[in-house]
Amino acid sequence: QLQASGGGLVQAGGSLRLSCAASGRTFSRLAMGWFRQAPGKEREFVAAISWSGGSTYYADSVKGRFTISRDNAKNTVYLQMNSLKPEDTAVYYCAAGVRSLSSWSSDYNYWGQGTLVTVSS
């Protein structure tokens with residue numbers, strides 16, 4: 001199971017850090033990703049990280065502003081979001097899967113419940 005948290009309301013230019021806590025022994029063997037879905041839009045890829053944390057991959061829209069990381073000892077993956085923009089407003093989902101650094105939602109087998117991020121202008 002995946003439990004996302006850390007969402008909230010922030011002004012444009014601000015920062016938030018999302019967390020995704022995983023249960024189960026296999027977390028450290030799974031690649032992790034963050035996706036988001038804005039109102040009226042399809043779910044889109046945000047960032048992904050390999051099982052070891054040594055490799056990361058970002059959507060162009062967040063590159064340079066967001067940082068994905070993980071702590072396998074704590075079974076947790078993070079998404080540090082800086083320089084937030086109103087267009088970053090969405091429900092953010094964490095996901096886990098076997099295929100590393102994938103931007104395809106179909107490659108992820110496990111999903112968290114989502115946490116809402118609202119960026120005001």
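Author: A contact here means heavy atoms within 4.5 Å. In this predicted model, 57% of the contacts in the protein chain between residues at least 6 apart in sequence join residues at least 24 apart.

Reader: What makes up the secondary structure of the protein chain?

Author: The protein chain has 11 strands and zero helices. Along the sequence, its pattern reads β-β-β-β-β-β-β-β-β-β-β.

Reader: Why is the pair of Glu44 and Arg36 called a salt bridge?

Author: The cut-off between a side-chain nitrogen of Lys or Arg and a carboxyl oxygen of Asp or Glu is 4 Å. The closest N and O atoms of Glu44 and Arg36 are 2.6 Å apart, so the pair meets the definition.

Reader: Why is Arg36 called buried, and why is Glu44 called partly exposed?

Author: Buried means under 20% relative accessible area, and partly exposed lies between that value and the limit for exposed, over 50%. Arg36 has 5% relative accessibility and therefore counts as buried. Glu44 has 35%, so this residue counts as partly exposed.

Reader: What makes Arg65 and Asp88 a salt bridge, and which parts of the chain does the pair link?

Author: Their closest N and O atoms are 2.7 Å apart, so the pair falls within the 4 Å limit. Arg65 lies in the loop between β6 (56–58) and β7 (66–71), whereas Asp88 lies in the loop between β8 (76–81) and β9 (90–97). The pair thus links distant parts of the chain, 23 residues apart. Both Arg65 and Asp88 are buried.

Reader: How do you know that Asp107 and Arg99 form a salt bridge, and are these residues buried or exposed?

Author: The N to O distance is 3.6 Å, and the limit is 4 Å, so the pair qualifies. Asp107 has a relative accessible area of 19% and is therefore buried. Arg99, at 52%, counts as exposed because the cut-off is over 50%.

Notes: Residues are numbered from 1 along each chain as its sequence is written. This is a predicted model: local features need pLDDT of at least 70, side-chain atom pairs count only at pLDDT 80 or more; totals for chains, interfaces and linings use all residues. Side-chain values use heavy atoms; hydrogens and water are left out. Buried means under 20% relative accessible area, exposed over 50%, partly exposed in between (1.4 Å probe, protein chains only). Helices (H or I, at least four residues) and strands (E, at least two) are DSSP runs, numbered from the N terminus.
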